Amino acid sequence: MTTVLSAQGVSVSFGAVRALDGVDLEVQSDQLVGLIGPNGAGKTTFIDAVTGFVPSRGEITLGGRRISGMAPHDRARLRLARTWQTIELFDDLSVRENLSVSSRRSTMVSTVSEVLFGRPPRAEALAEEAMHLLELDEDAERMPNELPQGRRKLVGIARALASKPQLLLMDEPAAGLATNESLELGRILRNVVDSGLPILLVDHDMGLVLGICDYIYVLDFGKIIAQGTAEEIRHNPQVLAAYLGGSTSEAVATAEAAEEAAESEHAAK
Amino acid sequence: MSLNQVLVFLLLGLGSGGLIAGIGMGVVLSYRGAGVINISVGAIAMLAGFCYWALRTGDFGITFAAPWAVTLTLIFAIVLGLFFEGFCVRPLRRASPLAKLVATLGFLLSAQAAVILAFGESARPQPAILPGGTVLLFGGAVQINRFWIFGILLAITLLFAGIFRWTKFGLGTRAAAENEANATLFGLSPNRLSLVNTVAMSLTMGIVGLLAASIQSVDSQTLPLMVVPALAAAMFGSFTSFGITFVAGLLIGMAESLLTYFETFSWFPTSGGPGNPIPGVQELMIFVILVIAMLFRASRIPGRGDIIDRRLPAAPRPKAPMKGAIRWGALAAFAIWALPYGFREGLIYSLIATISLFSLVVITGYVGQLSVVQISLGGVAGFTVSHLFTNFGIAFPWAGIIGVIFAIVIGVISGFPALRVRGVGLVVVTLAATDAIQNFGFGNTTWGAGNTGAAVPSPSIFGFNFGSNATFHGLGGGEPSPLFGWFTLLLTIIIGLLICNLRRSGLGQEMLAVRANERAAAATGINVRNVKLIGFAIASGIAGVSGVLLAYSYGSITADSYGTLVALNFIAFGYIIGITTVPGAVQAAVGVPGGLFAFALLDWFGLQGNWLSFVGGFLLVLTLIHRPGGVALDIFYGPPKKPFKERPLGRMIFRPSPVLANGAAGADVTEGTTAGVSS
Ligand SMILES: Nc1ncnc2c1ncn2[C@@H]1O[C@H](COP(=O)(O)OP(=O)(O)OP(=O)(O)O)[C@@H](O)[C@H]1O
Ligand SMILES: [Mg+2]
């Protein structure tokens with residue numbers, strides 16, 4: 001087990017707003033790490049800081065390499081992938097193109113052979129694989145705006161997977177999904193992690209996060225207020241106060257129900 | 001140089017500065033009222049100016065006294081505003097800012113063409129409405145009308161600033177700009193707010209048109225193009241501040257005036273011998289000012305909160321391009337041989353225009369940047385060919401190749417601002433660049449054509465002339481020679497096929513990714529900057545080829561061959577038919593003024609090219625409303641697919657993936673456990 005992502009003292013300010021304040025966070029190579037927190041806690045900002053979309057202070061390393069200060073596309077080329085809260089697909093490209101554009105880098109040589117000699121671009125095994133994995137095959141030639149929201153989310157995830165990342169950051173992938181869909185998604189993510197791709201998962205769905213994550217960080221007002229396993233988080237009084245608020249029992253109940261459901265399905269296999 | 005003289009010229013600049021400020025006021029009103037970057041405000045002032053001229057001189061049959069003519073002109077301006085709102089603004093309320101801007105371009109073209117059709121190209125000396133006479137200030141004579149213009153526009157500025165600050169209407173407009181639902185909270189309908197703002201704009205433009213009478217004659221170019229400095233002024237005011245726009249407009253006018261003073265000095269750079277100050281310095285200055293304004297203020301242009309549902313039209317993958325190329329290529333090759341010379345000339349011009357539009361397909365259709373400067377880049381290449389021959393004796397093919405390379409260099413340099421500004425901002429900057437290149441570059445006798453035109457030698461290889469003056473005349477007879485037509489056709493087909501390939505290539509997909517979503521593109525590892533610059537390089541090279549061909553086809557070129565009007569017409573027709581696909585570009589090129597269709601109209605019905613621009617402008621707006629993808633998109637690629645049908649997500653079953661696995665844990669892929677934590 002090695003440390004894939006290490007963030008130390010990451011701070012981001014928007015004018016007077018301190019969106020992140022000295023956040024320390026680590027993701028190990030075999031982990032599905034959850035990052036939760038109330039609205040406006042700074043979760044998206046953290047992903048933006050790691051991927052280079054907002055300027056930040058502090059140290060961020062990816063696979064032992066320092067990436068703070070690098071341009072977003074350079075970080076992506078170190079195989080850091082992300083999905084977006086707002087999906088952000090390439091609306092002018094078909095689903096297949098969305099995926100292949102993420103897994104392939106055009107070079108001078110490839111461009112010349114494709115443009116001058118009309119060679120079709122190389123088929124992307126990774127893109128096909130990711131499409132398969134999320135069962136998007138029948139939508140391969142569709143345009144993103146022809147797909148319902150749920151499938152668009154899957155395309156976004158598949159696009160991130162198609163770049164064969166060493167770390168995947170996901171911003172609320174389960175938002176807007178029905179409970180059974182989000183359970184399904186949870187299982188996929190779990191398996192992706194177990195097949196060797198660590199994930200940092202940001203989500204509001206407590207059931208999902210507590211149900212599948214190995215380790216969980218809780219963010220509030222830009223600060224990490226708690227961290228630990230699902231069990232520890234569930235019983236952490238600070239978290240209960242800050243995040244779960246009044247509806248503690250309810251949230252815990254959904255979390256437990258989700259876990260049970262996942263286990264029973266697993267047992268049924 | 002004396003300080004007094006400088007002061008006198010600064011005061012003289014109050015006149016044109018006031019007009020720029022006034023047109024800038026119109027830009028701000030259009031933006032605040034409807035979120036439109038309106039490049040037709042100057043044209044509306046011009047229409048009012050011509051109206052006044054016609055009423056005063058009896059061109060319509062009756063001669064009116066000044067007060068009546070003024071009243072009628074202002075009523076005309078209001079009617080124009082109502083029409084503008086109903087035709088260009090309201091139907092495109094939810095369109096993207098770029099589509100809105102392009103619609104105003106349509107209005108500009110129609111207005112200009114209408115004026116030329118009705119009154120001809122020559123400038124009309126206008127009866128002044130402001131009192132004449134001069135006052136002696138700083139030892140120089142300054143016309144009183146300058147102070148009148150300043151005073152009237154200052155009053156208008158203060159009026160608008162006050163209205164927007166303190167009245168319910170102003171607050172409502174500001175609220176609506178943030179979020180249309182907000183306006184309804186004030187009990188005001190967003191539609192009505194937009195209407196009142198547009199009419200205020202057109203009325204102001206009516207006043208500007210009247211005032212312009214006193215310091216310049218009316219023509220079809222001056223006032224419409226004054227929108228360029230006015231946009232620069234409005235940019236300083238972030239398109240929202242009346243006060244800043246007014247001051248910036250005045251300062252720009254004064255700086256222009258000062259430049260005319262400097263031109264009288266011997267140290268001022270000349271072109272074509274002493275006594276001829278270098279032309280186009282004013283336009284160059286405005287371009288520089290605009291770029292500065294852009295870099296400092298662009299990020300402060302407030303976004304608007306309305307719902308936008310239309311973006312650039314789709315750029316689908318080409319279907320069977322080779323088949324199309326062979327079929328249409330064979331037909332065109334035959335037509336070039338068989339058509340009578342006039343039609344042949346029109347066809348060859350259309351082919352050259354096709355290549356120009358191909359460059360727009362790349363930069364706009366693929367990379368998503370609408371750049372007006374492409375035609376000028378063609379001109380850069382064309383003039384390079386001409387000067388390489390006259391100054392250095394370099395001829396085909398090297399001159400052409402060097403010309404294209406030169407176009408690429410200038411194109412990439414001009415692409416750098418596009419890394420900072422996009423969308424409507426880029427249109428504004430490139431419009432100013434086009435104006436500057438035309439006046440400063442092409443108007444110059446040393447590196448442009450001056451007023452006369454620059455000679456271009458015929459292309460020939462190993463002594464075999466295949467230029468438009470070659471002796472082979474084909475079935476139709478006369479020049480241009482079919483040989484040159486075939487050469488042009490060949491290049492058109494090759495470039496067309498290459499662009500189809502580009503769309504399918506990995507690079508093409510990266511371009512479309514950038515066009516669709518720059519952030520997401522960067523997050524997948526695409527270097528957005530490089531992709532854009534490569535796009536600019538390719539597009540500029542293609543534009544260069546077209547410019548070189550145009551130079552060869554005429555045998556002599558003038559600044560107007562590559563002028564702003566040509567550029568705007570090409571963009572208009574490109575948008576009508578389809579600016580994002582190869583078939584769209586080909587058909588659009590058949591329609592452009594000067595092309596095949598235009599010649600047919602002239603030959604069969606005696607209709608001049610301006611009719612085409614006149615109708616084209618209206619068609620452009622109608623297309624944007626009803627067929628935002630352009631007409632060709634639907635014909636060639638079928639009607640747009642319906643947005644998704646809702647479908648259950650379905651059960652997803654995970655299949656272990658050896659490709660995705662990073663190796664480490666790939667061996668023991670198991671399902672859904674939380675037992676992965678180990679240390
Ligand atoms: N571009 C920005 N400019 C100014 N403030 C911002 C910007 N982006 C985020 N913020 C502020 O930073 C804080 C954190 O926002 P962030 O989007 O990271 O929260 P989040 O935890 O992702 O919330 P949510 O659960 O709603 O997605 C919020 O207070 C937000 O208003
Ligand atoms: Mg968020």
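Trainee: What distance separates the centres of domain 1 of chain B and domain 2 of chain B?
Mentor: The centres, taken over C-alpha atoms, are separated by 35 Å. Domain 1 of chain B covers 3–262 and domain 2 covers 323–563, and such bounds come from an automatic or database domain assignment. Before going on, please note that this is a predicted model, in which local features need pLDDT of at least 70, side-chain atom pairs count only at pLDDT 80 or more, and totals for chains, interfaces and linings use all residues. Residues are numbered from 1 along each chain as its sequence is written, while chains are lettered from A and ligands numbered from 1 in the order in which they are written.

Trainee: OK, and how many residues does each of those domains of chain B give to the contact?
Mentor: Domain 1 of chain B gives seven residues and domain 2 of chain B gives eight, where two residues are in contact if their C-beta atoms, placed from the backbone, lie within 7 Å.

Trainee: Which elements sit on the domain 1 side there?
Mentor: Helix H4 (97–119) and helix H10 (227–236) of chain B are the elements that give two or more residues to the side of domain 1 that touches domain 2, and H4(B) gives the most, with three residues. Helices (H or I, at least four residues) and strands (E, at least two) are DSSP runs, numbered from the N terminus. By class, that side of domain 1 of chain B has seven nonpolar, no polar and no charged residues. Here Ala, Val, Leu, Ile, Met, Phe, Trp, Tyr, Cys and Pro count as nonpolar, Asp, Glu, Lys and Arg as charged, and the others, Gly among them, as polar.

Trainee: At what angle do H10(B) and H11(B) cross?
Mentor: The axes of H10(B) and helix H11 (residues 242–262) of chain B cross at roughly 135 degrees and come within 7 Å. Axes are lines fitted to C-alpha atoms, for helices over the stretch in contact, and angles run from 0 to 180 degrees between N-to-C directions. H10(B) and H11(B) are therefore oblique to each other, given that angles under 35 degrees count as roughly parallel, over 145 as roughly antiparallel, 65 to 115 as roughly perpendicular and the rest as oblique.

Trainee: Is that crossing left-handed or right-handed?
Mentor: The crossing of H10(B) and H11(B) is right-handed; a crossing is left-handed if the near helix is turned anticlockwise from the far one by less than a right angle, and right-handed if clockwise. The residues that make this contact include B:Pro229 and B:Phe236 of H10(B) and B:Ile244 and B:Ile252 of H11(B), and by class the contact has nine nonpolar, two polar and no charged residues.

Trainee: And what about H22(B) and H25(B), how far apart are their axes?
Mentor: The axes of helix H22 (residues 564–577) and helix H25 (residues 609–626) of chain B are 9 Å apart, and the helices pack at an angle of about 45 degrees, which makes H22(B) oblique to H25(B). Their crossing is left-handed.

Trainee: Switching to the ligand, which residues surround ligand 1?
Mentor: Among them are A:Asn39, A:Lys43, A:Thr44, A:Thr45 and A:Gln85, where a residue is near a molecule or strand if its C-beta atom, placed from the backbone, lies within 6 Å of it. Strand E2 (17–28) and helix H1 (43–51) of chain A each supply at least two residues of the shell, with H1(A) giving the most, three residues. The shell around ligand 1 divides into four nonpolar, seven polar and one charged.
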